[in-house]
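Here is a short note to read with the model open beside you. Take the points in order, and find each residue on the structure as it comes up.

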Amino acid sequence: GAAPFAAPPSLHGFLAWQEKAWFEAADYAGVPVTDRLLSLLRQVLKSRVICLYPEVLEVLADLARAGVPWLACSNASLDVGPKLTALLPPELRPQHTVLSWQVGSRKPHRRMYDTVRKLLPAPPAETLFVGDRLDCDVRAPRRHGFQAVLVTRDKTPGADPGSGWPDLRPLTARVDPGVAGAGGQVRHAAA
């Protein structure tokens, strides 16, 4: 696949890198990349819409009351940071946002998790990744020393039935800013 692009990343650099990855995938699959297809892929990349699941505001409010910082780590579209900021009241916004186009690589590449490690004051063992992708949100964070839990929402491909959490509500019980990794407790969250 496309290697991570060299820092410092830029929007133009990310788009060029993403296009190279598309061409490599298309070549591998034997699919020609027409100008029309490339235009559609660019539109999708720039216009992905994000929305919050019903429990997200409740869980983030619980984390804020407990003094537990959280970080958003995403391979999503270029403008996910501003979109997330617009959806959340100021007191519930992430402490940091780690976006693939800013870091210069995509999850599950090590550079994403190294960036999270540098931004959060707690060691990885005290940080819990939660997400809906086995490869990016569970397996890779665990390889890099983080705790990780799959949020299945009963539809995650490759997940065993009943594994993980059905939504984010159990997160509140797992975080405690005063506990250092004891009994599965964590001081920070990354989603």
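1. **Terms and source.** Contact, or packing, means heavy atoms within 4.5 Å. Helices (H or I, at least four residues) and strands (E, at least two) are DSSP runs, numbered from the N terminus. This is a predicted model, where local features need pLDDT of at least 70 and side-chain atom pairs count only at pLDDT 80 or more, while totals for chains, interfaces and linings use all residues. Residues are numbered from 1 along each chain as its sequence is written, and side-chain values use heavy atoms, with hydrogens and water left out.

2. **Overall layout.** The chain holds 8 helices and 5 strands. Along the sequence they run α-α-α-β-α-β-α-α-β-α-β-α-β. Of the 191 residues, 41% count as buried. Buried means under 20% relative accessible area, exposed over 50%, and partly exposed in between (1.4 Å probe, protein chains only). Take contacts between residues at least 6 apart in sequence: 56% of them join residues at least 24 apart.

3. **The largest core.** A nonpolar core is a set of buried Ala, Val, Leu, Ile, Met, Phe, Trp, Tyr and Cys residues joined through side-chain atoms within 4.5 Å. The largest one here has 20 residues. L60, L63, W70, V130, W165 and L171 have the most contacts inside it. Two or more residues each come from α3 (56–66), β1 (70–74) and β3 (127–131). Helix α3 gives the largest share of this core, 5 residues. Apart from this core lies another, of 17 residues, with V98, V103, C136 and A190 among them.

4. **L171 in detail.** Which residues does L171 contact, leaving aside neighbours within four places in sequence? The list is V59, L63, L128, V130, W165 and A189.

5. **Helix α6.** This helix covers residues 110–119, and its buried residues are M112, Y113 and V116. Seen down the axis of α6, they fall within an arc of 90 degrees, so they line one face of the helix. The arc is that of the directions from the helix axis to the C-beta atoms. These buried residues pack against β1, β2 (96–99), α5 (100–103), β3 and α7 (134–143).

6. **K107.** This lysine sits in the loop between α5 and α6. Is K107 buried or exposed? At 10% relative accessibility, K107 counts as buried. Its side chain reaches the backbone oxygen of C73 at 3.0 Å. Not counting residues up to four places away in sequence, K107 touches C73, S74, N75, M112, Y113, C136 and D137.

7. **Aromatic rings.** Rings of Phe, Tyr and Trp (its six-membered ring) pair if their centres lie within 6.5 Å; planes under 30 degrees apart count as stacked, over 60 as edge-to-face and the rest as tilted. The whole structure has 2 such pairs. The rings of F129 and F146 have centres 5.1 Å apart and planes at 75 degrees, so this pair is edge-to-face. F129 lies in β3 and F146 in the loop between α7 and β4 (147–150), so the pair ties together parts 17 residues apart in sequence. Both residues, F129 and F146, are buried. Ring pairs link Y113, F129 and F146 into a cluster.

8. **A148.** Look in strand β4 for A148. A148 is buried, with a relative accessible area of 5%. A148 and G131 are 17 residues apart in sequence and 8.2 Å apart in space, C-alpha to C-alpha. Leaving out residues up to four places away in sequence, A148 touches L128, F129, D137, V138, P141 and R142.

Technical notes
A polar contact is a pair of N or O atoms within 3.5 Å; within protein, one must be able to donate a hydrogen and the other to accept it, and residues adjacent in sequence count only if both atoms are side-chain atoms.
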